[in-house]
Structure formats: structure tokens, C-alpha cells
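Colleague: I am new to reading protein models. Could you take me through one, feature by feature?

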Amino acid sequence: MLGGKRWPLDLGGREAAVAVLSMGNPHAVQTVADVDSAPVTAEGPLIERHRRFPQRVNAGYMQVLGRTRIRLRVWERGAGETLACGTGACAAVVAGIREGLLEDSVEVDTRGGRLTIRWRGGDNPVLMTGPAVSVFEGEIEIER
């Protein structure tokens, strides 16, 4: 986030206030009342390709359940909505901590599972823990 402030984004009739930060890739995180009813598929593409982000951005929708738990949905640039996004979870937690909404260790519930994100502020690393599971297996034939 730049100076801890949110950027206003005009989404063609609605203004979204997003925390903008990088976890090695760009994220725009907004706080919503309920991730289930958040306009992820309608507005995610608008945020991803917004003129303020010439190289596109991941759009995160964070619902704060308490100081140590959030729910999250992410529209990933170039991929659409995903079941889980590790960098998106890190970005959401850092934004929430910077805004005084969250403690330094937060459980993040995504549609793909739960992650734990820890950040003690400043130059400290953002740490992520959670299960690693196989979700797809396949084969492809390549013509020569």
C-alpha cells in the first residue's frame, strides 16, 4: 500500500477502494462484507485490466471475520477466479495488518482450503503455512 491509504478505482458506476501492494506480483485488495456475494466475477476483470494497472493486477476480496481470521476470494490476472491464491492471502493479511484490522497471525479461508499467514511488520518476511495437495493429474501428447 502506498502510505497505508487505499486507492479509489472507478469501475464504471461503482467506486472500489483498494489497498495496492506487491508480494512479488501486484495485488489490489478490497474489504467486503461477504465474499460469497462479492462481485468477483463481474468486477474482478475490470480491476485486473484497470488503466491504473498497465501490467494488470490480481483483485482480492477480503471479508474480516475477526482479528485472526478472514475469508478471501481472488481474481488472478490472466487466470480468472482461483480456488486459492497464496500471494493473494499474503497481500490481504498485510493490508489488513497495516490498516489495524488484523493481528500478526491470521487464518485465511479460501474456497480451496485454509492458510495461515504471519507477518510481524516492517522488513520481516511474510510467512505462509498450509497443506499442499494435488488437485489435478493429467497427460498430454505433444506432436513432433
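Modeller: We start with the ground rules, then go from the whole chain to single residues.

Modeller: This is a predicted model, so local features need pLDDT of at least 70 and side-chain atom pairs count only at pLDDT 80 or more, while totals for chains, interfaces and linings use all residues. Residues are numbered from 1 along each chain as its sequence is written, and side-chain values use heavy atoms, with hydrogens and water left out.

Colleague: How many helices and strands does the protein chain have?

Modeller: Helices (H or I, at least four residues) and strands (E, at least two) are DSSP runs, numbered from the N terminus. Here there are two helices and nine strands. Along the sequence they read β-β-β-α-β-β-β-α-β-β-β. The radius of gyration is 16 Å, close to the 15 Å of the globule rule for 144 residues, so the chain is as compact as a globular protein of that length. That radius is taken over C-alpha atoms, and the rule is 2.2 Å times the number of residues to the power 0.38.

Colleague: What percentage of the residues count as buried?

Modeller: Buried means under 20% relative accessible area, exposed means over 50%, and partly exposed is in between (1.4 Å probe, protein chains only). In this chain, 40% of the 144 residues count as buried.

Colleague: Which residues have the most contacts inside the largest nonpolar core?

Modeller: First, the idea. A nonpolar core is a set of buried Ala, Val, Leu, Ile, Met, Phe, Trp, Tyr and Cys residues joined through side-chain atoms within 4.5 Å. The largest one here has 22 residues, and Met-62, Ile-70, Leu-72, Val-93, Val-108 and Ile-117 have the most contacts inside it. At least two residues each come from β2 (15-22), β5 (69-76), α2 (86-98), β7 (105-110) and β8 (113-118). Helix α2 gives the most, with eight residues. Apart from this core lies another, of 17 residues, among them Phe-53, Val-57, Tyr-61 and Trp-75.

Colleague: Where does Pro-45 lie?

Modeller: Pro-45 lies in helix α1 (residues 40-48). At 25% relative accessibility, Pro-45 counts as partly exposed. Beyond its neighbours within four places in sequence, Pro-45 is in contact with Val-40 and Trp-75.

Colleague: What is phi of Arg-56 near?

Modeller: Most residues other than glycine have a negative phi. Phi of Arg-56 is near 70 degrees, a positive value in a residue other than glycine. Arg-56 sits in the loop between α1 and β4 (58-66). With a relative accessible area of 28%, Arg-56 is partly exposed.

Colleague: Where does Gly-100 lie?

Modeller: Look in the loop between α2 and β7. Gly-100 counts as partly exposed, at 43% relative accessibility.

How values were computed. Contact = heavy atoms within 4.5 Å.
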